Amino acid sequence: MLRVAVVGCGPGGVYSVGALVQHGDVAVDVLDRVPSPFGLVRYGVAPDHPKIQSISGALEKVLEHPAVRFLGNVEVGTHLRLDDLHRHYDGLIFANGASLDRRLSIPGEDLPGSTSATDFVSWYSGHPDTPAGRFSLDARRVAVIGMGNVALDVTRILAKSHDELRTTDLPDHVLQALAVSRVEDIHLIGRRGPAQARFTTKELRELGELAHADVLLDPHDLDMDEATAQRVADDAALRRNIDVLREWSTRSPGGRERRVHVRFMLRPVEILGDTHVTGLRLERTRLDANGNAVGTGEQSTLDTQLVLRSVGYRGLALAGMPFDTATGVIPNVGGRVLRDGGVAMGEYVAGWIKRGPTGVIGTNKHDANETVAALLADAPTLPRAPVRDPDAVLRLLHDRGVDVVTWEGWRAIQRTEARLGQAQGRARAKLADRESLLRAANEGVGHA
Ligand SMILES: Cc1cc2nc3c(=O)[nH]c(=O)nc-3n(C[C@H](O)[C@H](O)[C@H](O)COP(=O)(O)OP(=O)(O)OC[C@H]3O[C@@H](n4cnc5c(N)ncnc54)[C@H](O)[C@@H]3O)c2cc1C
């Protein structure tokens, strides 16, 4: 039987596990550095999108297969090195995602009050690496830089009232911060125009339906040249987005407590402040012949106390693994890792670390199928790992002092989160720090 380790239990990892157990005579360990499974489905998907969150139900079924073990709270590169993995597993699939954010690379970017949308998402999602006190929401004006769905998620969460979110699974400390939020104005800022924005229409529409926030847009921001107008006319999805934006541009402020200002063709050039963000210097842009935003020299200053950049993600290099710093992925051909110009024996990739941070959750399934097909095709010729005892890796982790969370432990975490939530009239409330997660996992094991 082939022994495979999957590094990362997000959609890329779980879909790989699914394909492996469906087609192969395999035993699979899926390792994740956090105590819980599901990657960005748990720590990315917005809390007010329960239908998308519920995809975790389908992922859960895959992980319940008897040939699969979930080993949470195990970090590859720290608790297990690459050579450890090769000693215990015949095949390795890296599905460790793309957890780093891209930067703006402008002065002032490291001032307190300037951070990534990733950081904010991790905070409201209760990621155990993000301290509870990371955000206090005492900024009155917030700038969100970026024109994709993550920027929309962040804007929407900032614009919603505590009441609208209190039935979600947000951790308690996040709900408390939202209850006393002082946010009044959120500026959603894009370097390019509406025809270049990467929103999906459903998510865009949602922003215009907020109960407690007016969405405002200057009609001049929708001006476009003839070629762009033609492109919009020819592209149904783009046309739908522009229709939504056009309708917003006809709205007048309705006196709601909060305002979302959608602003195109502006690029941040400097984040201002001495000890904390106090403003953002912006420059009006135009598009060059290649569709890139270039500054026009016309500058303005926005009074803001919190700047959240949402301009993309990139992968993180894993010790011992090849990494393409230009694209932020592990170089591969059809999922087979490339090392020194050739295919590496027994090493594969799936998900965002394979193809870059694009696509929806389902995109990772097709991509994982391709990877697993390559692994299973190679299986007859893969050298077998020297250690065949499945418990040997558990002993190694134990000896290294790692508190491994098993599937049973995860089930115990779920029960604790459900209990916590139900006491407050919601389905669950997330535990947000590693200590509580591990305590729940350990206390609950054997007490189902
Ligand atoms: C904020 C946000 C919101 C999103 N919302 C939606 C949405 O609403 N709908 C939708 O379809 N798509 C959404 N997406 C996209 C979707 O989440 C991704 O397509 C998907 O999660 C990518 O899967 P992945 O497995 O490659 O990465 P991830 O989901 O990031 O999973 C990677 C896993 O690897 C683990 N890991 C990393 N390093 C190590 C290591 N060294 N050792 C062990 N484990 C490690 C991580 O802890 C993580 O669990 C969203 C993305 C973001 C960023």
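Colleague: Which residues of α6 are buried?
Modeller: This is a predicted model, so buried is judged from the predicted backbone, with 20 or more other C-beta atoms within 10 Å as the cut-off. Helix α6 spans residues 117-125 and is mostly covered. Its buried residues are Ala-117, Thr-118, Phe-120, Val-121, Trp-123, Tyr-124 and Ser-125.

Colleague: How many of the 9 residues of helix α6 does that make?
Modeller: The buried list includes Ala-117 and Ser-125. Of the 9 residues in α6, the number buried is 7.

Colleague: Which residue takes a positive phi just after α6?
Modeller: Helix α6 covers residues 117-125. Just after it comes a phi of about 75 degrees, and the residue is Gly-126.

Colleague: Is Leu-137 buried, exposed or partly exposed?
Modeller: Leu-137 sits in the loop between α6 and β7 (141-145). Buried needs 20 or more other C-beta atoms within 10 Å, and exposed needs 12 or fewer. Leu-137 has 17, so the class is partly exposed.

Colleague: Which residues does Leu-137 touch, leaving out those up to four places away in sequence?
Modeller: Take Val-174 as a guide: it is 37 residues from Leu-137 in sequence, yet 9.7 Å away in space, C-alpha to C-alpha. The residues that Leu-137 touches are Ala-177, Leu-178, Ser-181, Arg-182 and Val-183.

Colleague: Which residues have the most contacts inside the largest nonpolar core?
Modeller: That core has 117 residues. Helix α7 (residues 149-159) gives the most to it, with 7 residues. Domain 1 (2-99 + 315-404) and domain 2 (101-309) each supply at least three residues. The residues with the most contacts inside the core are Val-17, Val-30, Ile-93, Val-144 and Val-154.

Colleague: Which residue is the bridge partner of Ile-186 in β10?
Modeller: Strand β8 (residues 185-189) and strand β10 (residues 258-263) pair in the parallel sense, over 5 bridges. Within β10, the partner of Ile-186 is Val-260.

Colleague: Which residue in β10 stands opposite Asp-214?
Modeller: Strand β9 (residues 213-217) runs parallel to β10. The two are joined by 5 bridges. Opposite Asp-214 stands Arg-259.

Colleague: Which element gives the most to the shell around the ligand?
Modeller: The ligand is surrounded by 33 residues, the closest being Gly-8, Gly-10, Gly-39, Gly-97 and Gly-351. Elements giving two or more residues to this shell are α1 (11-23), β2 (26-32) and α7. By class, the shell has 16 nonpolar, 13 polar and 4 charged residues. With 3 residues, the element that gives the most is α1.

Colleague: Where does the shell around the ligand lie relative to domain 1 and domain 2?
Modeller: The protein chain is divided into domain 1 (2-99 + 315-404) and domain 2 (101-309). Both domains give residues to the shell, so it lies between them.

Colleague: How many residues of domain 2 are in contact with domain 1?
Modeller: The domain centres, taken over C-alpha atoms, are 33 Å apart. The side of domain 1 that touches domain 2 has 4 nonpolar, 1 polar and 2 charged residues. Domain 1 puts 7 residues into the contact, and for domain 2 the number is 13.

Note on methods: Residues are numbered from 1 along each chain as its sequence is written. This is a predicted model: local features need pLDDT of at least 70, side-chain atom pairs count only at pLDDT 80 or more; totals for chains, interfaces and linings use all residues. A nonpolar core is a set of buried Ala, Val, Leu, Ile, Met, Phe, Trp, Tyr and Cys residues joined through C-beta atoms within 7 Å. Helices (H or I, at least four residues) and strands (E, at least two) are DSSP runs, numbered from the N terminus. Domain bounds come from an automatic or database domain assignment. A residue is near a molecule or strand if its C-beta atom, placed from the backbone, lies within 6 Å of it. Ala, Val, Leu, Ile, Met, Phe, Trp, Tyr, Cys and Pro count as nonpolar, Asp, Glu, Lys and Arg as charged, and the others, Gly among them, as polar. Two residues are in contact if their C-beta atoms, placed from the backbone, lie within 7 Å. Two strands pair if DSSP finds at least two bridges between them.
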